[in-house]
Amino acid sequence: MLMKNTTPLQDVTDEGTPVSVKIRERLAQARKRFHANDNIAEFIEPGELESLLDEVEVKMQGVLDSLVIDTAGDHNTGNTARRVAKMYLNEVFNGRYVKAPSITEFPNAEHLNELMIVGPITVRSACSHHFCPVIGKIWIGVLPNEHTNVIGLSKYARLAEWVMGRPQIQEEAVVQLADLIMEKTQPDGLAIVMEASHYCMAWRGVKDMDSKMINSVMRGVFLKDSTLRREFLALIPR
Ligand SMILES: [Zn+2]
């Protein structure tokens, strides 16, 4: 699959170069970071995600071979390499490879200036350390001003899904989400609380089924105004 020639006929110079190498070269050229939780969509050309899927499938098959699993004889794992490649690229880590969801912002015509809370929004991610699921909830508190852009409630969930659809570290994920919401809506204040189970602690390691990690990020007036902060924390049902 890896050797399938997907390059245009006139372009023979990079024939056989894995598509991941081409994407990495563009990232290096632009001096862009490509950590696990970075979005790299603007460096992927049309059609390349399909080739990347083929490439990941071949590498995943290599992992199964090294795990000494007879994928040719075992009817359960025969197509596992392809399934896992699809799951990573098109589903659980899709937030790395596609552009941000388009969000329509409206002017704050009603001059809303009261605390608004959205949540709980279910979030699904995976830890960058083990690629184990991280499943939890977030609550978002927004204090708008008259210049704030208003976005639909469901749009917060779509932005969260995009940020969480990457291998993440919970502390960094909430910061990325806060930066994104600040940039899109420009409120006076923003507060995010995330509570999640980390399956790398339940399935392996300490094998603790009940422990959860909770963290928060506060921006703008939420940093200065402890009454507002208390009001938000008191209102989220935990
Ligand atoms: Zn982990």
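Contact on this tour means heavy atoms within 4.5 Å. Keep in mind as you click around that the model is predicted.

**The whole chain**

Start with everything shown. Of the 238 residues, 41% are buried. The protein exposes about 13900 Å², with carbon and sulfur atoms supplying 54% of that area.

**Stop 1: Val150**

Select Val150, which sits in strand β4 (residues 149-150). Now show what is around it, skipping residues up to four places away in sequence: Val150 touches Thr104, Glu105, Phe106, Pro107 and Asn108. Val150 and Glu105 are 45 residues apart along the chain, yet their C-alpha atoms are separated by 5.5 Å. Is Val150 buried or partly exposed? Its relative accessibility is 27%, so it counts as partly exposed.

**Stop 2: α1 against α2**

Next, colour helix α1 (residues 19-29) and helix α2 (residues 48-66); their axes come within 8 Å and cross at roughly 125°. That angle makes α1 oblique to α2. For the contact itself, select Val19, Ser20, Ile23 and Arg26 in α1, then Glu48, Ser51, Leu52 and Glu55 in α2. Sorted by type, those residues come out as 3 nonpolar, 2 polar and 3 charged.

**Stop 3: α2 against α3**

On the α2 side, pick out Leu49, Glu50, Leu52, Leu53, Asp54, Val56, Glu57, Met60, Gln61 and Leu64; on the α3 side, Thr80, Ala81, Arg82, Val84, Ala85, Lys86, Leu89 and Asn90. The tally for this contact is 10 nonpolar, 3 polar and 5 charged.

**Stop 4**

Time to look at the backbone. Most residues other than glycine have a negative phi, and most peptide bonds are trans.

Stay by the last pair of helices and pick Val68, in the loop between α2 and α3. Val68 is not a glycine, but its phi is positive, at about 55°. It is exposed, with a relative accessible area of 74%.

Then jump to Phe131, in the loop between β2 and β3 (133-143). Phe131 also has a positive phi, near 55°, in a residue other than glycine. With a relative accessible area of 40%, Phe131 is partly exposed.

Which two residues does a cis peptide bond join? Select Gly119 and Pro120, where omega is about 0°. Pro120 lies in strand β2 (residues 116-127).

**Last stop: α5 against α6**

Finish with helix α5 (residues 153-164) and helix α6 (residues 170-185). Their axes come within 10 Å and cross at roughly 140°, so α5 and α6 are oblique to each other. The crossing is right-handed. Show side chains for Tyr156, Leu159, Ala160, Trp162, Val163 and Met164 in α5, which meet Ala173, Gln176, Leu177, Leu180, Ile181, Lys184 and Thr185 in α6. This contact divides into 10 nonpolar, 2 polar and 1 charged.

Conventions. Residues numbered from 1 in each chain as written. Predicted model: local features only at pLDDT ≥ 70, side-chain atom pairs only at ≥ 80, totals over all residues. Heavy atoms only, no water. Axes fitted to C-alpha atoms, helices over the stretch in contact; angles between N-to-C directions. Helix = DSSP H or I, 4+ residues; strand = E, 2+ residues; numbered from the N terminus. Parallel < 35°, antiparallel > 145°, perpendicular 65-115°, else oblique. Left-handed = near helix turned anticlockwise from the far one by under 90°. Nonpolar A, V, L, I, M, F, W, Y, C, P; charged D, E, K, R; others polar. Buried < 20%, exposed > 50% of the residue type's maximum accessible area, 1.4 Å probe, protein only. Areas by Shrake-Rupley, 256 points an atom, 1.4 Å probe, with all protein chains shown as cover.
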